[in-house]
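Below is a briefing on one protein chain.

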Amino acid sequence: MSMTLVREDKRLSPHRRQTRRRGRRLVPWLFLAPALILFLYFKFIPMFENLRMSFFKVQTFLGDEFVGLDNYRRLMNDDAFLSAMWHSVVLAVGATIGSLVLGLVLALLIEGTARHLWFVRTAAFLPVVVTMAAVAEIWRIMYHPAESGLINSIIGFFTIDPQPFLSSEDSSLLSIMGMMIWRGTPYDMMIFLAGLVGVDRTLYEAAAVDGASTWQRLWNITLPALRPVFWILATLAAIRGLRVFVEVYVLTNGGPNGSSEVLMTLIYKMGFQSNELGVAAAGCIVLFAATLALTIVVQLMRRRQAP
C-alpha cells in the first residue's frame, strides 16, 4: 500500500505532490477538530474569562467595574481564605502520603501471577470507579456520631468511646482525609503494580543469593525502581488534594465553624452564595497558580534526583 502511494507521488507534478502531502497532514486535525472545539468552548474560553473576571467587580445588572488587584488583596487579607488554603494543604499532604504508603503495601501484597489475584485487584479497585458523591454519602452515614453509627459500632468492640468524627472541629478534617486515603489507595496500588512488572527479577535472585533480607531487597531494589512512579503519583495525588471539593461539600460543607473549609468550597460559596464572582475568580487563579507551582517544584525535584 505504501509503495503504491510512493509511486503515485512520483508521477505527480511537484505542486500536486505538495498539495497531497498537505492534505494528508490535515486529516489527523480533522479527526481532532470536534474534541478541540469542545475543549476550546468549555475549558479554555472559560479559563480566560475567569482570568478577566478576577480583575473586575462583577455586577450582574450594573456592569463590571475594573478593580485591578483589589480582589487578590482582599483574598490575601481574608482569614477565612488563608485558613481554607491551610486546610487544603493539610488534606493534600495527608491524603498523598497515606494513599502512597497504603497503595505500595497493597501492591506488594497482591503482586504476582496467581489466578485468584485478578479478583482481589478488581475488588480493591472498585472504590475508584464509584462516583465521588456516592462515596462521600456512604462515608457520611458511616461517620454517624451516635453509638449506632457503623464505625462507632466497630470501635465499640475495642471499648473505645463513640467519636464525633464530622461534627467536631478537631476531627472533621482528619475524617475527610481518611475517606480520601481510602479512595485514592486503589488507584495508587494499580499504578504501583504496573511499575512492579518492570522490575528486573534477576536482581531479586542475585540479592537472595548474596543473603539479602526481604527488607534489604525492598529498600535497595524495589523502591529505587519505583522512583519514577512515586513522582508521578505524588504529583497527581497532591493536585487532587488541592482541588478537593465534592468530598468536603457532601460530608461537612466546610463545617463545623469552618474547621474543614477548603479552597474549592470557599470559592464556591463566594461565587454562588455571596455573589462575589470577581473575588471567587481571583481565588480560582490563586488555586491554579498553587497547582502549577506544585507541579513545577515536583518536576524539578524529580530531575535533580534522577540518576
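Met180 touches Leu91, Ala95, Gly241, Val244 and Glu247, leaving out residues up to four places away in sequence; contact means heavy atoms within 4.5 Å. The model is predicted: local features need pLDDT of at least 70 and side-chain atom pairs count only at pLDDT 80 or more, while totals for chains, interfaces and linings use all residues. Residues are numbered from 1 along each chain as its sequence is written, and side-chain values use heavy atoms, with hydrogens and water left out.

**Nonpolar cores**

- The largest nonpolar core has 21 residues, and Leu91, Trp139, Ile176, Met179, Met180 and Leu251 touch the most other members.
- A nonpolar core is a set of buried Ala, Val, Leu, Ile, Met, Phe, Trp, Tyr and Cys residues joined through side-chain atoms within 4.5 Å.
- Buried means under 20% relative accessible area, exposed over 50%, and partly exposed in between (1.4 Å probe, protein chains only).
- Two or more residues of this core come from each of helix 4 (79-110), helix 6 (132-142), helix 7 (150-156), helix 8 (172-197) and helix 12 (246-251).
- Helix 8 gives the most to this core, with six residues.
- Apart from this core lies another, of 17 residues, including Leu100, Leu104, Leu226 and Ala234.

**Overall form**

- The chain has 14 helices and two strands; these are DSSP runs, numbered from the N terminus (helices H or I, at least four residues; strands E, at least two).
- The radius of gyration of the chain is 26 Å, whereas a compact globule of 307 residues would have one near 19 Å.
- That radius is taken over C-alpha atoms, and the globule rule is 2.2 Å times the number of residues to the power 0.38.
- The C-alpha trace spans about 85 × 75 × 35 Å along its principal axes.
- Of the 307 residues in the chain, 35% are buried.
- Among contacts between residues at least 6 apart in sequence, 65% join residues at least 24 apart.

**Ser88**

- Ser88 lies in helix 4, and it counts as buried because its relative accessibility is 0%.
- Leaving aside neighbours within four places in sequence, Ser88 is in contact with Gly241, Leu242, Val262 and Leu263.

**Leu223**

- Leu223 is found in helix 10 (residues 214-225).
- Leaving aside neighbours within four places in sequence, Leu223 is in contact with Leu104, Leu218 and Phe230.
- Leu223 and Leu196 are 27 residues apart in sequence, with 9.6 Å between their C-alpha atoms.
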